[in-house]
Amino acid sequence: MKKIFLLAAALFITTGVFAQKYAFINTELIFKAIPQYNSAIEELDKLTQTYRDQIDAQYDKISEMYDRYQFQKSNLSETARQRVEDNIITLEQELEVAQEEYFGMEGRVMKRRIELLRPIQERVFTAIDNIAKSGDYDMIIDIANSASIVYYNQTLDITQDILKSLGIQ
């Protein structure tokens, strides 16, 4: 009797594991299909390039100063050498601060990225959540940029359902 009960329990658990419903999505395709997302990415690229140009200009200025210093170093007094070296070091430190201010985790680019992309991401993830619940999915796997998924059955891909729910054809 005990063996029959254990066998029935094992069969029930095994059946439950295999009965899971899952689907695949491609978030990269979804985001690229949203015009606001593409506009936001373009704006972020322009902002990033503007800051890179400023950083590059400052770097060129420091590099020029250093080259000039190396050329004139032997003709400068110890005091003048120290002053120029201190000036170069100060400019390098200011450059590091500017890079962090522009590109750091709390920098301007990251703040703008969050400001522009968070509403779009929330909209997409809400659509995914709604479809997951209405389709009674146990798991939705994102295939975008995933090197670990070697094969998947495309009939299980619900990317187009997500796009339709977002009003994108």
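In what order do the elements of the protein chain run from the N terminus on? In this predicted model, the order is α-β-α-α-α-α-β-α, and the secondary structure comes to six helices and two strands.

Taken as a whole, the protein chain has 169 residues, of which 25% are buried, and it exposes about 12,500 Å², with carbon and sulfur atoms supplying 55% of that area. When contacts between residues at least 6 apart in sequence are considered, 79% of them join residues at least 24 apart.

Spanning residues 78-103, helix 4 has 26 residues and reaches 37 Å from its first C-alpha to its last, which is close to the 38 Å expected at 1.5 Å a residue. Its buried residues are A80, I88, L91, L95, A98 and Y102, and these pack against helix 3 and helix 5, the latter covering residues 108-134. An α-helix has 3.6 residues a turn, so residues three or four places apart point the same way.

Q54 and L95 are 41 residues apart in sequence, while their C-alpha atoms are 9.7 Å apart in space.

How values were computed. Residues are numbered from 1 along each chain as its sequence is written. This is a predicted model: local features need pLDDT of at least 70, side-chain atom pairs count only at pLDDT 80 or more; totals for chains, interfaces and linings use all residues. Side-chain values use heavy atoms; hydrogens and water are left out. Helices (H or I, at least four residues) and strands (E, at least two) are DSSP runs, numbered from the N terminus. Buried means under 20% relative accessible area, exposed over 50%, partly exposed in between (1.4 Å probe, protein chains only). Contact means heavy atoms within 4.5 Å. Accessible areas come from the Shrake-Rupley method with a 1.4 Å probe; for residues, only the protein chains shown count as cover. The expected span of a helix is 1.5 Å times one less than its number of residues.
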